[in-house]
Amino acid sequence: MSLFSAIQQANSGLQASQLGLQVVGNNIANANTPGYIRQRLELTPTNATRQGALLIGHGVRPTGVTQVIDKALAERLLAADSAVAGGATMDRAYQQLENLIGRLDGEGLSNQLTLFNNALHDLSTQPNDRSLRDFVIQQGESLALGIRTTYESAQQLQSESNQDIKFMANEMNRLIEQIAGLNVEIATVEGGRVLGSDASGLREQRYGALRELAQFVDIHVQEQPSGNVSVFVGGDYLVSEGNHREVAAAISPITGGFEIRIAQTDSPLETRNGKVFAMMQARNEVFGGFLRELDQFAGALSRSVNEVHSQGQGRIGFDSLVSTNRGQAGVPLRQSGLPTTPGNGSFDITLVDSSGAPLSTHRIEVRATGQVGDATLDSVAASIDAIAGLSARINSEGRLEVNADSPFASFTFGEDTSGFVAAVGLNTFFVGNGALGIDVNPLLRTSSDYLAISSDGMSQDTQTLVNLIDLVDRPLESIGGRTIRGLFDQNVASLGQKISLQKSLSSGARDFLATLESQHLGITGVNIDEETVQMLAYNRAFQASAKVISTANEMLEVLMAL
């Protein structure tokens, strides 16, 4: 080995130290750059040469500048990003619903139920007071309006969720295209990993885009030997090298709402986390579940009040009446499509004179046994039509029309053991069978004298009113022994539990993400102290290499002087 070889070895050390100092300087310069991943100079010994029995090295060779990153941890961060973003989306949905129903503190519909029930109590003290009867109807209207308004507001939130999903599809396409473009740039700069160095700035941009995409859907990333990444959602790829597949929002045949599909194959993304999944869950379960529960509550309220009211009598009878519900004529009542199915039983129709005195009472049988010969709308109409002084028919809309033949007579209903009168919508307090359509019967708004108070003849007693009082707090078999108020309160309490659980899940996801980010930053972040130590090490190495050159030079001078 010659002194020139020693100088060459030391020179390689000088160059390596210079490059190392540049890398350290770049790290320090980017110490406060968001998303920057610190770099490291990769060094390897040069190949040794044989001199006799000796293998002598020829110094050091820089092989690349690479990022210091734990790729397994980086992918776990993507999963954590999906969980946190999905949790935040669910938190926001529950917050919107919580605000909608009155902060879950007993206001809103629960309070309106109380006001309606209190109005019935007040009327019981003075049943003949018109203003109190009007007030009962007004409170009923307020209750129905509150239900409709709450339902429409929840529907609006559900509709906005669909629009948000369409917006998310556009944002995902932007990120997917960006990642595919960065794949091409990175592969070009790195030479398909031939160079051994990382395209630092481009890789950081790509990882930032991947983290942003992970907020929308739970992605799985695989880095290829060429430096490209492939991005998968479920079993479908979105990015492969420089190729990408766009997504689009489309109507789901199952839920009827928007879902994200791959435009090329029209197949839905199999996502289980992230904003998209959370938004669909909020639409279908949070808002959709609340709408279903509100429908159940409104249906129970309407049905139970109507079953009592339809059997009572007001201060005046009916000259003409058209049912508010429609059904299919000519088929058994069980198959007629009425909102509720009448049972096997009967109901009474009483003809009264102009003073309200009963003229005659007629019992209409309603056969509903599930066998041949069961009653139909047509057969019930025919039975009523057979009563002298009354005419009845099923009109073209499928509604039952009943008319008094004499201008001096009218009719009332009572003793309905079949539930037929309420089922078809005759003499009811409420119309509509769901939260969106519930309202007070328009007939009651024309005159509060139609408000049913008595059960044994007009102005004879107040039994129907008594049956209506506290009905909202009475256990009912039709809703499994629960009360109407209890049904609503149970839904509110259940919502409160879900909100509390979701907050815990979201908090846990955020804490987990913070832990992962701390670990990630500990690996990828720039520590000024560590870089200073590294800088001093390169400085000392540079000085030592320079000393080797100086010493070899002195030895050459001695040799030349001989």
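What share of the 562 residues of the protein chain counts as buried? In this predicted model, the share of residues that count as buried is 46%.

**Overall form**

The secondary structure of the protein chain consists of twelve helices and 19 strands. Its radius of gyration is 40 Å, whereas a compact globule of 562 residues would have a value near 24 Å, and the C-alpha trace spans about 150 × 45 × 35 Å along the principal axes. Among the contacts in the protein chain with a separation of 6 or more, 68% are between residues 24 or more positions apart.

The protein chain exposes about 26600 Å², and carbon and sulfur atoms supply 51% of that area.

**A three-stranded open sheet**

Three strands form an open sheet in the order S9-S10-S11, and their pairing is antiparallel. The edges of this sheet are strand S9 (247–251) and strand S11 (267–268), each of which pairs on one side only. Strand S10, covering residues 258–262, pairs with S11 in the antiparallel sense over two bridges, and the bridge partner of Arg261 in S11 is Pro268.

**Two non-glycine residues with positive phi**

Glu241 is not a glycine, yet has a positive phi of about 55 degrees; Asn427, which is not a glycine either, has a positive phi of about 60 degrees. Glu241 lies in the loop that runs between strand S7 (236–240) and strand S8 (243–244), while Asn427 is found in the loop between helix H8 (420–424) and strand S18 (430–431).

| Residue | Phi | Relative accessibility |
|---|---|---|
| Glu241 | about 55 degrees | 40% |
| Asn427 | about 60 degrees | 5% |

Is Asn427 buried or exposed? Because its relative accessible area is 5%, and buried means under 20%, Asn427 counts as buried. Glu241 has a relative accessibility of 40%, which falls between the limits of 20% and 50%, and therefore Glu241 counts as partly exposed.

Methods: Residues are numbered from 1 along each chain as its sequence is written. This is a predicted model: local features need pLDDT of at least 70, side-chain atom pairs count only at pLDDT 80 or more; totals for chains, interfaces and linings use all residues. Side-chain values use heavy atoms; hydrogens and water are left out. Helices (H or I, at least four residues) and strands (E, at least two) are DSSP runs, numbered from the N terminus. The radius of gyration is taken over C-alpha atoms; the globule rule is 2.2 Å times the number of residues to the power 0.38. Buried means under 20% relative accessible area, exposed over 50%, partly exposed in between (1.4 Å probe, protein chains only). Contact means heavy atoms within 4.5 Å. Accessible areas come from the Shrake-Rupley method with a 1.4 Å probe; for residues, only the protein chains shown count as cover. Two strands pair if DSSP finds at least two bridges between them.
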